[in-house]
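Dear colleague,

Please find below the structure that I am handing over to you.

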Number of protein chains: 2
Amino acid sequence: LTQNLYDNPDFFEGYSKFERSICGLDGAPEWASLRAMLGDLSGSRAVDLGCGYGWFCRWARDQEAVSVLGIDISELMLARARELTIGAGIDYLLGDLESLDLPEASFDIAYSSLALHYVERLPALIETIYDSLVPGGRFIFSVEHPLLTAPSTPEWIVDPNGNKAWPVDSYLHEGSRTTEWITSGVVKQHRTFTTYLNVLIKQGFTVQHVEEWGPTDEQVKQRPSLAEERHRPSFLLISARR
Amino acid sequence: LTQNLYDNPDFFEGYSKFERSICGLDGAPEWASLRAMLGDLSGSRAVDLGCGYGWFCRWARDQEAVSVLGIDISELMLARARELTIGAGIDYLLGDLESLDLPEASFDIAYSSLALHYVERLPALIETIYDSLVPGGRFIFSVEHPLLTAPSTPEWIVDPNGNKAWPVDSYLHEGSRTTEWITSGVVKQHRTFTTYLNVLIKQGFTVQHVEEWGPTDEQVKQRPSLAEERHRPSFLLISARR
């Protein structure tokens with residue numbers, strides 16, 4: 001059964017306080033990179049897998065996408081999306097990425113932000129996404145970086161001089177990791193960098209660009225805590241073409 | 001100037017004692033994976049960049065490659081290769097991967113084992129390799145894994161219960177790392193996983209398969225120290241097609 005954290009009111013309340021919740025796309029430091037990877041959306045049909053509040057859906061419409069379908073497992077999220085980001089050409093749909101049905105060859109762009117590391121049956125989802133794209137269609141997504149998800153104890157080690165190191169273990173042991181994030185017992189799926197790539201390639205995608213996101217100097221100046229991302233990136237961004 | 005460790009007699013002597021030096025390809029635990037990625041070589045023209053003793057060159061000829069060119073920066077290495085692994089269709093050439101010239105569209109397979117993490121000017125070398133391959137030609141290589149090359153202090157942290165963790169820092173800070181390996185002052189180039197992929201893609205290669213190498217159960221049984229590779233892989237293997 002899929003863990004649906006976001007319909008837990010406490011979790012939802014906690015999540016709603018993040019900058020990326022309050023400020024939309026620009027509250028996410030990795031957004032500029034994703035935006036560059038997305039390129040021109042005008043005239044495209046887009047789908048957002050794990051759409052949350054629908055910030056991407058509204059942005060895509062502002063970029064002259066002709067239609068955007070936002071899918072999320074959380075009723076609370078979709079209710080908020082329908083308040084915040086509804087508009088002509090935007091549809092929201094309740095759906096579970098573990099067992100998703102999508103119409104075939106119907107989208108030019110599939111997008112997903114920080115959702116796929118919750119999905120257990122990744123190859124099945126990648127197949128669904130591939131089939132839902134037109135030939136030449138693109139799939140652009142972010143996940144928590146494998147370095148972030150791997151460790152059994154995901155906490156910085158700080159030496160007496162204040163130098164930080166991230167303690168990697170179990171990197172090749174793929175599978176569930178139970179961590180604390182807003183609440184306890186949050187289950188994420190750890191996968192290697194390799195697995196993300198090979199699942200796409202095996203499905204028929206061509207990998208076009210990858211990014212292990214790190215902050216700009218300007219971002220570090222505005223939010224010094226982002227500097228640690230340079231030691232161990234939190235986000236893996238991938239662009240692939242059908 | 002390229003650091004040429006292998007022409008230092010002490011380094012060469014130290015290197016010659018490794019299992020992969022004594023036993024050839026089968027002495028390298030990651031060889032089975034590379035071999036699977038190489039597939040059928042019969043009838044192909046191959047080049048090995050950083051050929052060392054020439055074990056790959058001889059193996060490729062045994063696989064009915066029609067010709068194999070082994071290139072290495074070390075005179076000592078090539079002298080040993082000419083003793084150990086010479087044969088009809090095998091040529092050895094002194095060459096520096098930093099400033100390599102190769103004939104255009106002349107090879108079906110380019111191979112490189114654990115050499116590219118010494119190369120500073122990677123995009124130039126990748127362009128040379130790309131141009132040297134025929135359309136459809138393949139480039140298969142291994143490098144030290146970015147997790148291995150990143151840390152400022154590349155030493156396992158062991159807790160009181162014997163649990164190991166690999167202290168990652170500076171992952172996004174690409175560039176030289178000076179470490180001790182056989183001798184002190186060995187300079188390697190740290191690159192992110194992303195950079196290896198994007199340099200290939202930007203050049204026009206299609207990434208076909210990647211592997212972060214880990215040992216089989218059988219290998220761990222025979223050499224228990226390999227188990228730590230599962231916590232932090234040492235080798236990144238990539239297959240790409242022109």
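The notes below take up the sheet of chain B, the relation between the chains, and the cysteines.

Please bear in mind throughout that this is a predicted model.

The sheet of chain B

Chain B holds an open sheet of 7 strands with mixed pairing, and their order is β3-β2-β1-β4-β5-β11-β10. At its edges lie β3 (90–94) and β10 (206–212) of chain B, each of which pairs on one side only. From one strand to the next, the twist averages 15 degrees.

Strand β1 (residues 45–49) of chain B and strand β2 (residues 67–72) of chain B run parallel and are joined by 5 bridges. Within this pairing, D48(B) is found opposite G70(B) in β2(B).

Two helices of chain B may be mentioned together with the sheet. Helix α3 (residues 31–38) of chain B packs on the sheet and touches β4 (107–113), β5 (133–144), β10 and β11 (235–241) of chain B. The direction of α3 makes about 170 degrees with that of β5(B). Helix α5 (residues 75–84) of chain B also packs on the sheet, where β2 and β3 of chain B are the strands touched. The direction of α5 makes about 165 degrees with that of β3(B).

The relation between the chains

How can chain A be laid on chain B? A turn of 180 degrees, with a shift of 0.0 Å along the axis, brings chain A onto chain B with an RMSD of 0.0 Å. This is the relation of a two-fold axis. In chain A, the C-alpha nearest the axis belongs to P167(A), at 2.4 Å from it. Of the interface residues of chain A, 100% are also interface residues in chain B, so the copies meet through the same surface.

The cysteines

C51(A) is buried, with a relative accessible area of 7%, and C57(A) is buried with a relative accessible area of 0%.

Notes: Residues numbered from 1 in each chain as written. Chains lettered and ligands numbered in written order. Predicted model: local features only at pLDDT ≥ 70, side-chain atom pairs only at ≥ 80, totals over all residues. Heavy atoms only, no water. Pairing = 2+ DSSP bridges. Helix = DSSP H or I, 4+ residues; strand = E, 2+ residues; numbered from the N terminus. Axes fitted to C-alpha atoms, helices over the stretch in contact; angles between N-to-C directions. Contact = heavy atoms within 4.5 Å. Least-squares fit on C-alpha atoms with pLDDT ≥ 70 in both. Buried < 20%, exposed > 50% of the residue type's maximum accessible area, 1.4 Å probe, protein only.
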